[in-house]
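Please keep the sequence and the picture at hand while reading.

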Amino acid sequence: MRAGISLIVIALTMMAGFFTMPAIKAYQQSKLSISPPTCFATTSPCSIDDTTVTLSVDSVTPLTPATLTVNWPTQAETLSVRLQGHEMEMGEIRLLLQSRGDNIFTGEVILPVCTLEKMTWYGEVSDGSHRVYAGIRMQR
């Protein structure tokens, strides 16, 4: 009798593993692969290739808006920004930067609360064909 129950438990475990593998693979593929930043956005301009990135504060406080300004080398209507937490998986934050004329784009960054005292966010700024990587530091 015990052998029969053991076989049932083993079979159910194998079936559970078989049916959860696609979900696990989908999760792993959905993780961002943002490259480490070339520089960090602060109140001092950060230059990457022909792009300059500036933040209204040196370190973002969670749930407090900070203005991100990007001087982009080519014409574009908007720029997209993707952010990913480095020290902790916090999902993906996306925002659009709006053109202010003369290839200058701005937008508000609001980062979520984290259990860590300090955290680094890796970011990708893109117009769809060209991208640069800049980081943002967050501190509670």
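Helices, counted as H or I runs of at least four residues, and strands, counted as E runs of at least two, are taken from DSSP and numbered from the N terminus. In this predicted model, the stretch of residues 2-30 is helix α1, and Leu12 lies within it. The protein holds one helix and nine strands, and, read from the N terminus on, its elements follow the order α-β-β-β-β-β-β-β-β-β.

**The protein as a whole**

- Of the 140 residues in the protein, 34% are buried, where buried stands for a relative accessible area under 20%.
- The protein exposes about 8,600 Å², and carbon and sulfur atoms supply 58% of that area.

- Ile8, Leu12 and Met15 together make a nonpolar surface patch of about 310 Å².
- Leu12, which belongs to this patch, has a relative accessible area of 53%, and it therefore counts as exposed, since the cut-off for that word is over 50%.

**The sheet**

- Nine strands form an open sheet with mixed pairing, and their order across the sheet is β1-β9-β8-β5-β6-β7-β4-β3-β2.
- The edge strands of this sheet are β1 (39-40) and β2 (46-48), each of which pairs on one side only.
- Strand β8 (residues 118-126) is mostly covered, with eight of its nine residues buried.
- On one hand, β8 pairs with strand β5 (residues 78-85) in the antiparallel sense over six bridges, and in this pairing Val81 stands opposite Val125 of β8.
- On the other hand, β8 is joined to strand β9 (residues 131-139) by nine bridges, again in an antiparallel run, and here the bridge partner of Val125 in β9 is Val132.
- The hairpin of β8 and β9 has four residues between the strands, and Gly128 takes a positive phi near 105 degrees in that hairpin.
- Strand β6 (residues 92-99) and strand β7 (residues 104-109) run antiparallel and are joined by two bridges, with Gln98 standing opposite Thr106 in β7.
- As a general point to keep in mind when viewing these strands, side chains in a regular strand alternate between the two faces of the sheet.

**The cysteines**

- The structure holds one disulfide, and this disulfide joins Cys39 to Cys46, with an S to S distance of 1.4 Å.
- The link of Cys39 and Cys46 is right-handed, with 55 degrees about the S-S bond, and both Cys39 and Cys46 are buried.
- Cys114 has a relative accessibility of 4%, so it counts as buried, given that the cut-off is under 20%.

**A closer look at Ile48**

- Ile48 lies in strand β2, and, because its relative accessible area is 4%, this residue is classed as buried.
- Which residues is Ile48 in contact with, leaving aside its neighbours within four places in sequence? The contacts of Ile48 are then Thr38, Cys39, Val53, Val132, Tyr133 and Ala134.
- One of these, Ala134, is 86 residues away from Ile48 along the chain, while the C-alpha atoms of Ile48 and Ala134 are separated by 8.2 Å.

Definitions and conventions
Residues numbered from 1 in each chain as written. Predicted model: local features only at pLDDT ≥ 70, side-chain atom pairs only at ≥ 80, totals over all residues. Heavy atoms only, no water. Patch = residues over 30% accessible without salt bridge, like charges linked within 9 Å, V, L, I, M, F, W, Y side chains within 5 Å. Areas by Shrake-Rupley, 256 points an atom, 1.4 Å probe, with all protein chains shown as cover. Salt bridge = Lys/Arg side-chain N within 4 Å of Asp/Glu carboxyl O. Buried < 20%, exposed > 50% of the residue type's maximum accessible area, 1.4 Å probe, protein only. Disulfide = S-S within 2.5 Å. Pairing = 2+ DSSP bridges. Contact = heavy atoms within 4.5 Å.
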